[in-house]
Amino acid sequence: MDDLTAFSCFALPLIDELESLPISATWREWLDRLSALAARSLRRPQRVLAVLAELEPLAPVGPVTLDEVVAVLRSLLLEAAEPPAPQRYGKLFVGSIESARGLSFEAVFVPGLAEKMFPKKIVEEPILLDVIRAQLNSNLATNQSRLDQERLALALAVGAAERRMFFSYPRVDLDQSRPRVPSFYALEAVRSAEGKLPDFAELARRAETVAASRLGWPAPDDPNEAVDDAEHDLAVLSGLMGTMDAGVGRARYLLGANPHLARALRNRYQRWNRGWTVADGLLSSSTDVRAIMAKHALNARGYSPTALQTFSRCPYSFFLHAIQRITPRDIAIAIDDLDPLQRGSVIHDVQFALFARLMAENLLPVRPANLERARALLEEVMVGVTDRYEDELAPAIDQVWKNAVAEIRADLREWLRRLSEDTSGFVPRHFELSFGLARAGDRGEADPRSVPNAVLLDCGIQLRGSIDLVERHPSGLLRVIDHKTGRKAGASEPVIEGGKSLQPVLYALAAEKLFEDDKVSEGRLYFCTSIGQFSEQVVSLDRRARDAAADVAAVIGQAIERPFLPAAPGEGQCGHCEYRAVCGPYEEIRSARKPQADLDMLQALRDWQ
């Protein structure tokens with residue numbers, strides 16, 4: 001917070017000063033305002049002030065606009081050179097060969113003497129051939145003039161060297177993973193120095209013996225030949241990797257030289273150790289940690305079914321998602337197509353708005369007799385919702401957006417048709433029934449029966465969420481439906497699918513608490529798109545379903561209480577986990593080395609179908 005306050009004190013006055021710049025003014029005013037701005041905002045403003053001082057003769061000229069000032073200053077500021085501060089051990093100049101014209105150096109290094117690098121491949125201009133260029137104007141560039149410029153560049157580089165000249169070339173093309181061929185200029189350089197023209201094979205052999213570095217290990221074999229600390233340390237480690245007892249303790253200096261390396265190595269050792277350690281996740285049983293985790297007990301705060309489902313996939317992912325509430329950083333990108341989450345949001349918004357309109361016009365349940373009116377309302381709702389999303393998402397390609405909307409419209413029309421053919425007797429009554437949410441629904445107004453507090457289930461879970469649809473049968477039975485826009489996992493009808501599908505059971509138990517005078521018969525997932533083949537997954541609210549909810553609460557509750565929330569992913573779960581950047585790609589392999597008896601309860605939950 002102190003750093004943020006300091007940064008605000010620095011940045012906000014500058015923003016105000018930039019905002020106060022005139023639209024147009026004389027050069028005198030521009031030079032004064034920009035000089036003050038440079039002195040206030042730059043640590044070393046000398047180069048900018050020198051450029052502005054050179055423009056003093058323009059002071060009476062004006063008025064000029066800001067765009068004109070930028071056009072003048074851009075090239076001057078980019079080309080202005082600032083002499084480096086003197087250094088005890090000499091100076092290093094890095095630049096193009098042309099920029100070294102007229103300069104001299106004790107040693108000159110020319111890298112990249114490989115074919116297609118230096119020299120570059122010279123190709124005749126196909127639109128205006130060299131023969132015609134020579135006839136039109138002798139100053140037009142031709143292949144011969146390009147070759148002369150290339151040789152002149154090499155002559156300038158060599159001429160700038162007072163004592164020593166170094167030529168080098170990359171021996172491997174990293175883009176295409178193949179050896180590079182040295183340039184014929186490299187051969188000419190060797191002949192000039194030794195009086196004998198070598199062949200390419202001999203030059204390649206000499207390069208391999210002089211430079212023994214590797215792509216994955218950028219360091220020489222001898223630590224004494226290293227040019228910096230990193231090369232020296234890598235060279236030391238390279239020599240120790242082939243030894244056994246003789247190398248013990250010789251690299252210990254690295255732990256004292258870099259505390260971050262010491263911490264990283266100890267953490268890596270603990271993670272790959274055979275036993276569970278604090279580096280595997282939240283495994284501390286200290287009094288302070290247990291006191292903090294007590295605030296996150298299942299009966300102490302609200303959890304959504306989606307958050308609880310992450311536990312079965314990976315307990316550490318559950319800890320990061322549901323307790324730490326860490327999410328990937330949002331990156332603003334142009335929307336080319338709807339991703340599954342955006343597509344699902346559009347469909348849910350349309351369904352909620354449609355049910356509200358159908359209820360207002362007393363058209364529920366939808367039957368073949370009133371299907372046409374329901375379709376007309378669907379079209380009206382579709383236009384309103386998709387227009388709002390189009391404004392928010394600003395898709396980059398209009399036709400792609402229109403195609404996505406057309407697919408959603410087709411799916412919803414088919415869903416509405418199937419809804420009109422439902423002969424079960426259940427009638428939609430409540431839509432977006434929310435409980436425990438801070439505000440009334442994430443997609444508009446919630447159902448009037450919604451409650452602000454989470455629902456405490458008999459199994460000990462405080463549940464929060466929003467039920468898409470609650471239907472009532474004339475006999476008084478209720479059933480809970482959660483709409484899905486993806487694919488159905490399998491052909492079976494699991495109860496909790498190993499802890500990865502908790503919404504049918506938990507939402508049914510929550511509805512039982514909200515409607516105490518009614519009996520809830522089942523919870524179901526309805527895959528309401530062509531991708532899901534308009535299928536459904538039905539879970540009866542019987543003793544088996546209640547036992548499954550109790551087991552889920554017991555396993556997760558004990559893991560939070562201990563706490564024992566390691567990175568122990570299920571099979572194939574790391575591939576699409578949003579926290580892979582935190583853990584790395586080897587968690588399945590690493591966790592398999594740990595004592596599996598500590599994961600018995602987790603495995604029992606995963607075996608629950």
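Which strands does helix α18 (residues 503-514) lie across? Helix α18 lies across β8, β11, β12, β13 and β14, running at about 145 degrees to β13. This is a predicted model: local features need pLDDT of at least 70, side-chain atom pairs count only at pLDDT 80 or more, and totals for chains, interfaces and linings use all residues. Residues are numbered from 1 along each chain as its sequence is written, and side-chain values use heavy atoms, with hydrogens and water left out.

**Sheet**
- The open sheet has 5 strands in the order β8-β11-β12-β13-β14, with mixed pairing.
- β8 (427-435) and β14 (536-540) stand at the edges with a single partner strand each, so one side of each has no neighbour in the sheet.
- From one strand to the next, the twist averages 25 degrees.
- Strands β12 (residues 477-484) and β13 (residues 519-527) run parallel, joined by 8 bridges; two strands pair if DSSP finds at least two bridges between them.
- Leu478 has Val520 in β13 as its bridge partner.

**Helix α15**
- α15 packs on the sheet and touches β8, β11 (465-472) and β12; contact means heavy atoms within 4.5 Å.
- The direction of α15 makes about 130 degrees with that of β8; axes are lines fitted to C-alpha atoms, for helices over the stretch in contact, and angles run from 0 to 180 degrees between N-to-C directions.
- Helices (H or I, at least four residues) and strands (E, at least two) are DSSP runs, numbered from the N terminus.

**Ends of α15**
- Asp339 caps the N-terminal end of α15, with a side-chain oxygen 3.1 Å from the backbone nitrogen of Leu341.
- Asn362 follows α15 and has a positive phi, near 60 degrees.

Notes
A polar contact is a pair of N or O atoms within 3.5 Å; within protein, one must be able to donate a hydrogen and the other to accept it, and residues adjacent in sequence count only if both atoms are side-chain atoms.
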